[in-house]
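Good morning, everyone, and thank you for letting me take a few minutes of the meeting.

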Amino acid sequence: MNDTFLKACRGEEVPFTPIWIMRQAGRYLDQYQKVRKKVDFLTLCKTPDLTAEVTIQPIDILNVDAAILFSDILIPCEAMGMNLEFRESMGPVLSPAARDKNSIDRLSIPDPEDKMKFVMDTIRILRKELTGRVPLIGFAGAPFTTATYMIEGGTSRNFLNTKRMIYENPDLYKSLMDKITATITEYLKAQISAGAQAVQIFDTWGGIFSPGDFTEYALSYVIKIIEALKKWMKTENHEHVPIIYFVGETAGLLNEIRTSGADVFGVDWRINLDDAVKRLGGDVVVQGNLDPLSLFLPQDKIEERVKDVLSRASSAPGHIFNLGHGVVPQTPPDNVIALVEMVHRLSRR
Ligand code: CP3
């Protein structure tokens with residue numbers, strides 16, 4: 001198996017820098033669109049054969065060094081009892097918005113093998129199909145990023161309702177966050193038990209906070225999840241599964257993020273990777289950090305940026321190449337294929 005990705009997560013020596021791409025399965029690929037034409041997004045997420053098929057597409061097409069489970073961070077919100085819809089023009093809609101005590105009290109902490117069995121079934125299929133190929137990454141949203149969708153009822157611009165709840169009714173916010181934290185902890189344990197070989201926690205909206213608020217209202221819950229997972233892996237005698245923590249708009253929060261207990265730190269493009277490594281304390285494995293929109297540059301210019309990221313990453317004990325956020329639907333697939341080839345060629349030791 002190509003285990004370069006797992007070795008890099010552990011800070012071990014690797015023959016080349018491994019690469020995977022956030023949102024590597026998705027609308028920029030014709031092959032994904034073809035599957036999506038047949039079913040709506042949520043049905044796709046709940047049909048393990050199809051989910052497994054689109055998970056593997058980028059492995060075949062791009063030659064990336066890891067697969068990421070195809071799903072969505074909002075799946076657990078439905079399992080907790082909310083209505084979830086993905087509307088073509090609006091993105092996700094969660095109802096009724098979790099803004100008052102009543103709607104939060106009604107939410108449950110689901111048994112993942114019951115309410116989200118299709119995810120674990122997908123993982124079990126994928127581990128068979130990926131045998132001898134690449135490792136499989138599982139994932140979940142971080143409690144705060146998940147909570148923003150539940151409180152706002154969908155995507156938001158300024159997170160007004162979320163911040164109002166935090167500042168006006170911190171106890172209510174805590175009761176929601178405690179439920180989400182318990183749900184995500186059990187969900188990630190179930191993914192690992194089913195065969196996920198690494199997990200990434202997405203805290204896409206963490207960057208909306210001051211460092212102090214980030215620590216109190218987002219990071220503290222992630223720390224709880226990571227501590228619980230590490231303890232559980234030990235007592236289960238499960239091999240340590242690397243935990244990647246990705247925060248959007250990381251730059252101002254690196255001093256805080258370093259205390260998360262994660263094995264790998266996702267970094268976005270708003271900071272140079274060597275500066276990020278320094279602020280994370282030096283002795284850390286990093287993942288990132290090309291601007292996703294730089295994939296619209298001509299390939300010779302992309303190559304210059306790849307060289308720059310690789311050389312800045314050399315100060316870290318481990319580096320996994322990635323974009324600083326998800327690849328966007330308009331991206332030319334040929335440039336993504338070229339990116340993977342460049343990273344492999346330019347980093348070969
Ligand atoms: O990375 C992968 O290839 C795995 C699949 C994956 C999806 N969503 C598929 C998806 C992952 C890891 C996610 C995570 C996710 N989902 C995040 C965190 C990462 C990030 O990008 O910030 C967030 C915030 C969401 C919530 C979400 N899901 C939104 C806001 C939307 C609508 C906007 C959009 O991009 O369409 C989705 C839908 C979604 N999730 C799609 C895909 C492929 C598009 C659905 C379609 O096919 O129409």
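Let me begin with Glu-12, which counts as partly exposed because its relative accessibility is 35%, where partly exposed lies between buried, under 20% relative accessible area, and exposed, over 50%, with a 1.4 Å probe and protein chains only. Before I go further, please keep in mind that this is a predicted model, in which local features need pLDDT of at least 70 and side-chain atom pairs count only at pLDDT 80 or more, while totals for chains, interfaces and linings use all residues. Residues are numbered from 1 along each chain as its sequence is written, and side-chain values use heavy atoms, with hydrogens and water left out.

Which residue does Glu-12 meet in a salt bridge? The partner is Arg-10, with N to O at 2.9 Å, and a salt bridge here means a side-chain nitrogen of Lys or Arg within 4 Å of a carboxyl oxygen of Asp or Glu. Arg-10 is partly exposed as well, with a relative accessible area of 41%. In general, side chains of opposite charge can pair when their charged atoms come close.

The structure holds 21 salt bridges, and I will show you some others. Lys-115 pairs with Asp-114, their closest N and O atoms being 3.7 Å apart; Lys-115 is partly exposed at 47% relative accessibility, whereas Asp-114, at 52%, counts as exposed. Arg-312 and Asp-274 also join their side chains in a salt bridge, at 3.1 Å from N to O.

Now please turn to the ligand, which is surrounded by 22 residues, the closest being Arg-27, Tyr-32, Arg-36, Asp-72 and His-325, where a residue is near if one of its heavy atoms lies within 4 Å. By class, this shell has 13 nonpolar, 5 polar and 4 charged residues.

For Asp-72, an N or O atom in the side chain is 2.6 Å from a nitrogen atom of the ligand. On its own the ligand has 870 Å² of accessible area, and the protein covers 89% of that, by the Shrake-Rupley method with a 1.4 Å probe.

Notes: A polar contact is a pair of N or O atoms within 3.5 Å; within protein, one must be able to donate a hydrogen and the other to accept it, and residues adjacent in sequence count only if both atoms are side-chain atoms. Ala, Val, Leu, Ile, Met, Phe, Trp, Tyr, Cys and Pro count as nonpolar, Asp, Glu, Lys and Arg as charged, and the others, Gly among them, as polar.
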